[in-house]
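Here is a short briefing on one chain of a structure.

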Amino acid sequence: MKPPESTIGDVPISLSALTPVKATATHCPYCALQCGMSVAVDETVTITPRKDIPANAGGLCQKGWTAGELLTSGDRLTTPLLYGEPVGWDEALDFVAARIRAVQGEHGPDGVAVFGGGGLTNEKAYQLGKFARMVLRTSQIDYNGRFCMSSAAAAANRAFGMDRGLPFPITDLAGADAVLIAGGNVAETMPPFVRHLTAMRDRGGRLVVIDPRATATARQADLHLQPAPGTDLALALGLLHIVIAEGHVDEDYVAGRTSGFDGVRTSAAAWWPERVERITGVPVARMRLAAEILADAGRAVILTGRGAEQHAKGTDTVSAFINLALALGLPGREGSGYGCVTGQGNGQGGREHGQKADQLPGYRRIDDPAARAHVAAVWGIAPEDLPGPGRSAYELLDALGTAAGPRALLLFGSNPVISAPRAGHVTGRLRSLDLLVVSDLVMSETAALADVVFPTTQWAEESGTMTNLEGRVLLRRQAAAPPPGVRSDLEILRGLAVRLRGAEGFPADPREVFDELRRASAGGTADYAGITYERIAAETGVFWPCPAEDHPGTPRPFLDRFATPDGRARFVPVEHRPPEEDIDRDYPLYLTTGRVLAHYQSGAQTRRIAALNAVVPEVFVELHPDLAERLEVEPGDLLRVVGRRGAAEGVARITPAVRPDTVFMPFHWAGANLLTNPALDPVSRMPEFKVCAVKLERVG
Amino acid sequence: MTRLVIVGNGMAGARLVSEVRARDKHVKVTVIGAETWQPYNRVLLSNVVAGTMLPDQVRLLDPAWYADHSVTALLGVEVTAIDRETQAVLTADGRREPYDVLVLATGSEAVVPPVPGAAGAMAFRTLDDCRAILAAAGAARRAVVVGGGLLGIEAARGLAGRGLPVTLLHLAGHLMERQLDAEAGLVLGETLAELGVTVRTGAVVEEILGDGVRLAGGETVGSDLVVLACGVRPVTGLAGDAGLEVARGIVVDDEMRTDDPSIFAIGECAQHDGTVYGLVAPAWEQAAVVADLVTGTDKTSRYRGSRLVTRLKARSVELAAMGETHLTEDDAEVVCFSHRARGTYRKLVIRDGRLVGAILLGETAAVGALTQLFDRGSPVPADPSGLLFPGLPGSAVTESPVRMPDAAKVCQCNNVTKGQIRACWESGARDVEAVAAATRATTGCGGCRDVVEGIVGWLCEQEGISV
């Protein structure tokens, strides 16, 4: 296979001149774009972008350029901690194994829970799921990706029978005539992504952005629709209504490649644009323009991000955008389609290989007898020894330490004290555990609560595969030796397995784990059977499904048929409903949350990098000038944001980029998630992060 | 088990059926509709007349819906009487449908003006009316629409869009006089004129002829298609005959209950707190309340009246009107902007710091923000001009490199200021590549490349000048 080529031009610098000869070709530690970078470790760490990875093609944002500081951070944990005191590895592992045995002896297998993360490599995510099911035999495992990708995943599965974030190479975007992004701010979350959009616009293509804020991404758009938080679903229905009313439905495609349109056509009839305007606040004329831009495009792409997905109706919202894409005949056509913009570094691979409560490797369902038989055979156990589905992430955290819930938790690659909704309550649940074990590289806010902390290797100190937002499996190579005393998560799981069941089946070498993952995923939806480390290196990544080593991989899986039993994409009728917690007299403002360019997720990494912390050192509250005038708030005033579940303080930033009825807080610090609403989507179990009701008070 | 009977299968009745089923799978539901059509969306009928939607694209429920949800639907069946004594409704085809709870959603009917020849004109109210209008429009060469309210204007615009010259006759002094002030009515008329609709206000129709309409004063407006849109009146005959209290509509309380506790009324046939609503949004709010009460989902559910926002649905005519648009400076603050040459008129009516009325005609970019201020009763900013002229927040990227302060951030992705680029230039960098290599500017999203080039170019130019 020939490595893919960039379609987005070059960065204006000579990377070869900047890149040390001994540098290791690897990938960024942060988001799902997984920008290619070279890492050279000498006295200092030198990072330069790679041009051979199409996602970034030589670009990097400040997070990527400064990632090397993570390797030399003085905050690194280098020894296991037991009740905050340094101990040896054997002592720590012995202690944890003994406590697991005691808790399970008293409360049964489900007395111990496991919580993973979307930043873990495929190997770690796989091994974590296997460890939970095979060693702990607990059903209680889920991961922070539930807070991230679950709504998009659920909607894509029900429409296409498969959830691969972008079911096309990212380079397709540059060739599109129109791209609509619903609730995504790529200019801050994954800046090099914008290069693909810029290439599209340079060719005359148009960008439409739906966001309650005029974000950095929305400001680059040809058309920005600014709905009230929690009303994206109504907006999508309104757009579909217009597409139908204006005769823009691709009837041949609908007849030939889909099922269920009649029901959706009828339900959309009740969402005429003037009704949608009143709910969303988006003028009818702008909706019409958006529909026209999509309909006029020869090739168009519709993308959703967390803004549309992180709601108690997130799955239906994504379904509404997929319905729109299907009506226009986009998915499964080369150069067009629907995709979600995956967030975390391995947010795609992390949702495929079994750290999810209802899932086994290869994107198999844990309640499917054939899937259980296949995976049990790979693991050398009886299918009936596999536990069934467990609680979803928030339900799991909410149950911790309760009479019916787990009494112990092993946590890898996540920081729920910052990132979970209703974080104050979640923190209380974590404190109530008999045993909390956290594996992390630094003393995160959650690690600070743990009975036992395992210091773990990071990113450039270990090898493994990551599956980026395109579904392209990438190789993240080790570029540096870990500090003495630090072990990889695979070594930690092996250490626990040795003590609880035996070492067999728990190698510490990522390649061995990956080879088993290939077998476990074989025949599943996310089939990695034909992917090897060598192929990834030679081909600059391989797209799953890839069932055999002589299979080229599948950049665009839906060109001929969708992954449903009849090969047709399914329309799913959905209805809008208001946010779970709407504004009222007592709490008259919407709070919506999101990210800033300089930080990543809970900030455990980026808040420890001086250059990033200098850009945004503390949490802030964005509010509109009209609201500021009414509350007599000046820029820089300290504000208290008060909601039904808690309160948080932040410095006022006054900007017309946010609606007058809405305040915005980034969630990289303790604060925003003290307020967010844990109301769950009935299908995906996604919490309603993106909208709740608050009031503002000035502090002092 | 409760037997729920709904009379009327229009926007209100059909909505109630689905609201009830969304809450309760078991209550026995029978809906009786006089029209043979599946329930359809009346709001979209002007699209049908305009030819942008086909009749079967405006239905509210799929034909299979009733069977799938075990609802008995009697379509094309007229209800002739309510027997309150035995709690049953009687139908023209001889059925007797017993109820525990009866909901009247009989809607309203078109008012036909009492002038000679009116029978030869076409009403514009039902889907059947639309089909008749469409059939006639095919052969017609010119049309007259009588009535310059919301529906009349939509019908006139729709027919004009099909290429027919249309004259719109309106009795009052200006169009949509209930929703608009005189100037807005005037601007609207001028906008319609440009689209092929001749507006005649103060026009009193005396007779409808075979080849036109004769006005008071004797003038005849030639036409081979006359459409009547002279308003509607609530259909209350069944209720009145059954002895329920009827004023203009069927009188209901906050539970939408009539003076018979087992009979409710919703939609355009109901009169709540003195008001009969003629729009869909209130009818649907009322349906939700009745569904809450009938299924016991929320026994405290009450209807408290609706704020009305009128949106004209006519291609190339943007009009939104809400609330008390007729208030003057005596009772309120009035903010106005008028530009007739461009068909633009904007008016805000503010009382006690709240938006109580507004008109937006022409460009309606502000409509979303205004509607939500009006609906929520949120405070209006001290300077409301931003509400009339909403602008997008400017983008800093286009700023000239000369005027940009040194502290201005040029590259967001790598946090590089103009000052840093200048410093970089001062230490020898003379092109974008050198600046990028030193500062990493342009290497993220790439969006600042032009600005960086501009700054470097300007600095080089300065150098040239100073040398």
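Chain B holds an open sheet of five strands, ordered E21-E22-E25-E24-E23, with antiparallel pairing. Its edge strands are E21 (309-311) and E23 (333-339) of chain B, each pairing on one side only. Neighbouring strands of this sheet are turned by 10° against each other on average, direction ignored. The model is predicted.

**Inside the sheet**
- Strands E24 (residues 344-351) and E25 (residues 354-361) of chain B run antiparallel and are joined by seven bridges.
- B:Tyr345 stands opposite B:Leu361 in E25(B).
- Helix H9 (residues 367-376) of chain B lies across E21, E22 (319-323) and E25 of chain B. This helix runs at about 150° to E25(B).

**Around B:Gly267**
- B:Gly267 sits in the loop between strands E19 (263-265) and E20 (270-272) of chain B.
- Why does B:Gly267 count as buried? Because 32 other C-beta atoms lie within 10 Å of B:Gly267, and the cut-off for buried is 20 or more.
- Beyond its neighbours within four places in sequence, B:Gly267 is in contact with B:Gly10, B:Met11, B:Ala12, B:Ala105, B:Gly107, B:Ala283 and B:Gln286.
- B:Val402 is 135 residues from B:Gly267 along the chain, and their C-alpha atoms are separated by 63 Å.

**Chain B overall**
- The secondary structure of chain B comprises 13 helices and 27 strands.
- The radius of gyration of chain B is 30 Å, whereas a compact globule of 467 residues would have one near 23 Å.
- Along the principal axes, the C-alpha atoms of chain B fill a box of roughly 100 × 65 × 50 Å.
- Of the 467 residues in chain B, 48% are buried.
- Among contacts in chain B between residues at least 6 apart in sequence, 60% link residues at least 24 apart.

Conventions:
Residues numbered from 1 in each chain as written. Chains lettered and ligands numbered in written order. Predicted model: local features only at pLDDT ≥ 70, side-chain atom pairs only at ≥ 80, totals over all residues. Helix = DSSP H or I, 4+ residues; strand = E, 2+ residues; numbered from the N terminus. Rg over C-alpha atoms; globule rule 2.2 N^0.38 Å. Buried ≥ 20, exposed ≤ 12 C-beta atoms within 10 Å, placed from the backbone. Contact = placed C-beta atoms within 7 Å. Pairing = 2+ DSSP bridges. Axes fitted to C-alpha atoms, helices over the stretch in contact; angles between N-to-C directions.
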